[in-house]
Amino acid sequence: TKSRQRRLFNKRKKRWPSYRGYRCKIKNESIKKIDANTITPERFFTEFVAKRRPCIISGLAAAHDFGILSECVGSVEKWCAVLKKCAGKARIRVEKRKQNGRGFGRGSDKNQLKLNTLLDHLQDAAHNNRDADYYLTTQPLAEDEEGRPEICGEPCTSLFLRTPKSPPLIPTLLSTLIPANINVWMGCGFFQKKKK
C-alpha cells in the first residue's frame, strides 16, 4: 500500500505546482522595501505574492484606509492605545519565556492573560530596554456549527469584527487574496551584540 500511496502522491504532485517558497539569490540578501503609495495591487501580487517573496511595506496604514489602524501610524503608544480600546478586555493565550532565557516557540505552556495586561508588560519591557517574558502567537480558533474554523481569534475578532471603524478584511493592496485566517504576533525584544 505504501508504493500505491507514493504513486498517487507523485501523480498529484505533477498536476499541482508544489510550494517551494522564496529562495534568496545571494547570501544575506536584504529584504526588499516597498512604498505602499507607489505600488499597485497587480504589481504587488506579481512581484511578491506569486513569488512568495518577503518584503517590508512602508506607509501602508497611512496610504490606504485601514480604519482605526490608520490612527496608529508611527507610534507604538498609539498602537497600544487602539488595541486596549478595541480589544483590551479580550482573553488571549501567550507563551511565557522559560527561566533560562531561551526563546519562544518551543512548545512551552501557554498562559491566559487579558490583552491589556500583555500590552502593559510589553510597554514596560520596551521602556526599560529589556526583552519581554511574554509573546502573543496564533490563537485557537472557534468553530461554527458545521465545524469550520472562524477567520480569527482574539484580539483580531474584537479588532476586525467588533470595532465600528474596523480595518478591512481584504485591504486594497491585497485585493487578489482571500484571507484564510488573521493573526497578530506581538512581543518585545532587543538585539544585543555578543561581547568578544
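Which side chain does a polar contact of 3.2 Å join to that of Asn181? In this predicted model, the partner is Asn183.

**Close-up 1. Asn181 and the residues around it.** Look for Asn181 in the segment after helix 6. Its side chain and that of Asn183 are joined by a polar contact of 3.2 Å. Leaving aside residues up to four places away in sequence, Asn181 touches Leu141 and Ile151. Cys156 sits 25 residues from Asn181 along the chain, with 9.8 Å between the two C-alpha atoms. Asn181 has 41% relative accessibility, so it counts as partly exposed, since that class runs between the 20% limit for buried and the 50% limit for exposed.

**Close-up 2. The largest pocket and its lining.** There's about 1000 Å³ of space in the largest pocket. Helix 2 (41-49), strand 2 (55-58), helix 3 (60-63) and helix 6 (156-161) each give two or more residues to its lining. Sorted by class, the lining has 28 nonpolar residues, two polar and two charged.

**Close-up 3. The second largest pocket, with a volume of about 160 Å³.** Its lining includes Val76, Trp79, Cys80, Met186 and Cys188. Helix 4 (76-87) and helix 5 (115-127) are the elements that give it two or more residues. Helix 5 makes the largest share, with four residues. As for class, you'll find eight nonpolar and two polar residues in this lining, and no charged ones.

Note on methods:
Residues numbered from 1 in each chain as written. Predicted model: local features only at pLDDT ≥ 70, side-chain atom pairs only at ≥ 80, totals over all residues. Heavy atoms only, no water. 1 Å grid on protein atoms, 1.4 Å probe; cavity = no way out; pocket = protein on both sides within 12 Å on 5 of 7 lines; lining within 4 Å. Points joined across faces, edges and corners; volume = space filled by probe spheres on them. Nonpolar A, V, L, I, M, F, W, Y, C, P; charged D, E, K, R; others polar. Buried < 20%, exposed > 50% of the residue type's maximum accessible area, 1.4 Å probe, protein only. Contact = heavy atoms within 4.5 Å. Polar contact = N/O pair within 3.5 Å; in protein donor to acceptor, adjacent residues only side chain to side chain.
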